[in-house]
Each structure stands twice: as C-alpha cells, then as structure tokens.
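Visitor: I should like to work through this protein in an orderly manner, by question and answer. May we begin with the display?

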Amino acid sequence: MHGGLFPPCTTLSTMERVYTLLKLTLTFGISLVQRGWAAPQSNGAIKAGQMKNLVTFGDSYTDTSFYPSDDGGYSWPTYVAGYGPFNLYGFARVGATCSNNLTDRPFPPLTEYQLPDYLNATRNGTIPPSSILPHETTYAIWIGTNDVGANALLTQGVGVRKGVSIVEVRKCVVDVVRALYESGARYFVIMNMIPLNLTPLYSPDSYPSEYWTAPRNRTEWSVFMHELVRAGNAITDLLLQVAAPSFDGAHIGEQISSLVLFHSTYLLFIVLVRTRNPASFDTFALFADMYTNPSAYLNGTTTIGNTTVPVYNVTGSIDACVLKLNESTADPGTCTVVEGPARDGYLWWDELHPSEQADRIVAREITAVMKGEHSRWTTWLS
C-alpha cells in the first residue's frame, strides 16, 4: 500500500463499468440461489481457553514485521497477541495483493510468497507443528485493499492481468483457505474489505497524495470503489458458503452482509441476509460504525485554553500529505502531522491506512473471537 512506486496515470473507471460489475455480481448470486444455496446452521464457536496461536496473512493493514507499522504504531495482530495472550506468527506483508498472477505489484503477494513462506516454516522446523496444533490455532486473512485500489482494479492499472475482475481476486481468497485447510488448518477468520470509499484517498473530497496524483473524477472514483468493495465482499460470502461443506471439520468465520445491487436502467434491490452464531469478523460493518459513531470508539483529546475536549475525526488523517496534480508520488508533499493524545481521536493514520486506535478496536474484537466471547461483528459459516 505504499505510494511512490508507480507513476501517475489516467483513471479508466466509468459508471458503465460500475453497472457491468454489479450485474455480474447479481448474475453470480442468482445462480447460487438457484443451486439451492442455504445457510449452514452449525455452531463453530471457539471455547474459552482453546486458542493459543494466531497466524496472520494480508497486506500493510496486518503486517507486523516492522515498527512503526502503517497505522503509525503497533498493528492489530500485535495487540491481539498482547490482549490474549497468544503466540503470533505474522506472514502479512506491506503492499500485498492476493496473487501477482491476478493483480501484479512489486510486493510479496499472499499466494506466491506468504503462503509458501508459512508452509516452508512448518516443514523445515522453523515453526514446529507441535506449537501450532489445529484446534489451538486461528488463521486470519485480511486482503483485498491493494487488489481493488489505485493502480489495480479501480483504474485498470498495468498490473491487472487480462480478463481479471473482482470475481477472480476474491476467489483467490477462498483458494488460500483451501490450501491452508489441506495443510491442516481448521479455524479461519476471513476479514472482509473495509468501506474504502470512506478513507481520505477514495472519498469524494480526496486530494493528490503519495498514493495518487493524476486527475480523476473524485465522485466517480469514490462510488466505484464503494461498489467494488461491496460486490467483492458479497462474492467472497457466496464463494465461502459454497465451499464450506467441502472443508470437513473446519470452522470458517466471515461476514454475511446485505447485498444491494443496481441495474443500469432502474433500481433493483436484492437483499440476502443470513444470521449465524457469533464467531467471526465483519470488518466492513465495524469501520462503517466507527465512521458513523466515532464517540463509541475514538478517545483522543486536545486542549483548548484550559479545557480538555474530545477529538472525533473520521474524514481527515493523522499524517496528511498533500501533493500537486501530476506531481511524482515519490515527492514528500506538504504534510500536516497530528501529535499527542489527539491521535487517538482519528480513524485514519494517513490517506489509506487505519489509525492505531482503529486497530486497537479491531484487535479487541478479534481477541473476543479467539477467547470464545461474544462479538457483534462475528459469525461462523461452518
């Protein structure tokens, strides 16, 4: 998710592509319903004291290999390890996509780098199999932000392979789950994509930053990102629902969200809602709630005169750097950095990444899942 490595280019997204994408999702969803898709009713809840380990895969939202991370501090898995306590095995890497064979970027992808890295570690003794027993280990996957973002699906960047759409990049996630399952993993937390249209980078009020400086229709940019994320999350739900029966003995947590689709000539709303016993993570809904109800999550303060007042900022970022149109994304730009306790009142660290306080909230909820406690953002698919 780092900027500065790609030259600016002109966005190719149009509203027509939005409609085409959504009609594709509609067709896909209806085909599954016609096949008799139904929600499994099994309870995959983790028992208190059962989990000892957390293995993570993903991008800079989850990378724990450096400090400060891309949230300006410790990323959420580090907090989970401390809150548990749990043993943490972090394989997520900054800038990653699910597969460079789908959306190519010069970063370690999940399929071709992170997954083999984990499997090699378990085979060569770096991670002894006895230390990550299946019934004691949760596997968390949070990927997709770079697949759908600037220089990828949103702008049809040069790294997007011919014929690749949101369907292929979300199917990739299910393929990773299957590969982990075949290696012995049994407990999965599949974290869906957040509402990226709410980030400073993809909002209608976005500005040239280290991630993108080329001209674009900011409203269209934001709308298309919203639809990409919602469609991608819905596709992942449906694919996991279909795949779940083949994962005998596995427990798969994912979000089951409403699916709202638009036809290009008239409005057509289709809502698919499935309820489950709590046990997994709907990152999209959590961030949407943090955005709408910041006082329930953010606790930053600032001093005005002799008075300490709360800070609730969900539209700006702690580290905001403004560049000029068509300026090189490698340039530093003009930056404003928030310091002190006010930082914990911000939802976003920079134009793309959640803040450390937001990550603490994510960690709190994931910890609840791993301890077998209730989390309103969680559900089991199997």
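This is a predicted model: local features need pLDDT of at least 70, side-chain atom pairs count only at pLDDT 80 or more; totals for chains, interfaces and linings use all residues.

Visitor: Which residues point one way from S4, and which the other way?

Guide: Strands and helices are DSSP runs, numbered from the N terminus: helices are H or I of at least four residues, and strands are E of at least two. The residues on both sides of S4 are buried, a term meaning under 20% relative accessible area, with exposed over 50% and partly exposed in between (1.4 Å probe, protein chains only). One way point Tyr-187, Val-189 and Met-191, and the other way Phe-188 and Ile-190.

Visitor: Why is strand S4 described as largely enclosed by the rest of the structure, and how many of its residues are buried?

Guide: Strand S4 covers residues 187-191. Because burial extends along the whole strand, S4 is largely enclosed by the rest of the structure; the number of its five residues that are buried is five.

Visitor: Which residue stands opposite Ile-190 in S4?

Guide: Strand S3 (residues 137-142) and S4 run parallel and are joined by five bridges; two strands pair if DSSP finds at least two bridges between them. The residue that stands opposite Ile-190 is Ile-141.

Visitor: How far apart are the end C-alpha atoms of helix H8?

Guide: Helix H8 (residues 356-370) is mostly covered, with 13 of its 15 residues buried. The expected span of a helix is 1.5 Å times one less than its number of residues, so H8 should span 21 Å. The distance between its end C-alpha atoms agrees with this, at 20 Å.

Visitor: Which residue just after H8 takes a positive phi?

Guide: The phi in question is about 80°. The residue is Gly-372.

Visitor: How many residues apart are the two members of the pair Cys-98 and Cys-172?

Guide: The structure holds two disulfides, each being a pair of cysteine sulfur atoms within 2.5 Å. One joins Cys-98 to Cys-172, S to S 2.0 Å, and is left-handed, with -90° about the S-S bond. This pair links distant parts of the chain, namely the loop between strand S2 (87-90) and helix H3 (110-123), where Cys-98 lies, and helix H5 (residues 166-182), which holds Cys-172; the separation is 74 residues.

Visitor: Which strands hold Cys-321 and Cys-335?

Guide: Cys-321 and Cys-335 form a disulfide with sulfur atoms 2.0 Å apart, and this link is right-handed, with 110° about the S-S bond. The pair ties together parts that are 14 residues apart in sequence, because the two cysteines lie, respectively, in strand S8 (residues 319-322) and strand S9 (residues 334-337).

Visitor: Is Cys-335 buried or partly exposed?

Guide: Cys-321, its partner, is buried at a relative accessible area of 12%. Cys-335 has 39% relative accessibility, so it counts as partly exposed.

Visitor: Which residues does Thr-122 touch, not counting those up to four places away in sequence?

Guide: Thr-122 is in helix H3 and is buried, with a relative accessible area of 18%. A polar atom of its side chain lies 2.7 Å from the backbone oxygen of Leu-119. The residues that Thr-122 touches are Ile-127, Pro-129 and Ile-132.

Visitor: What distance separates the C-alpha atoms of Pro-85 and Thr-367?

Guide: Pro-85 lies in the loop between helix H2 (76-83) and S2 and is exposed, with a relative accessible area of 67%. Pro-85 and Thr-367 are 282 residues apart along the chain, and their C-alpha atoms are separated by 9.0 Å.

Note on methods:
Residues are numbered from 1 along each chain as its sequence is written. Side-chain values use heavy atoms; hydrogens and water are left out. A polar contact is a pair of N or O atoms within 3.5 Å; within protein, one must be able to donate a hydrogen and the other to accept it, and residues adjacent in sequence count only if both atoms are side-chain atoms. Contact means heavy atoms within 4.5 Å.
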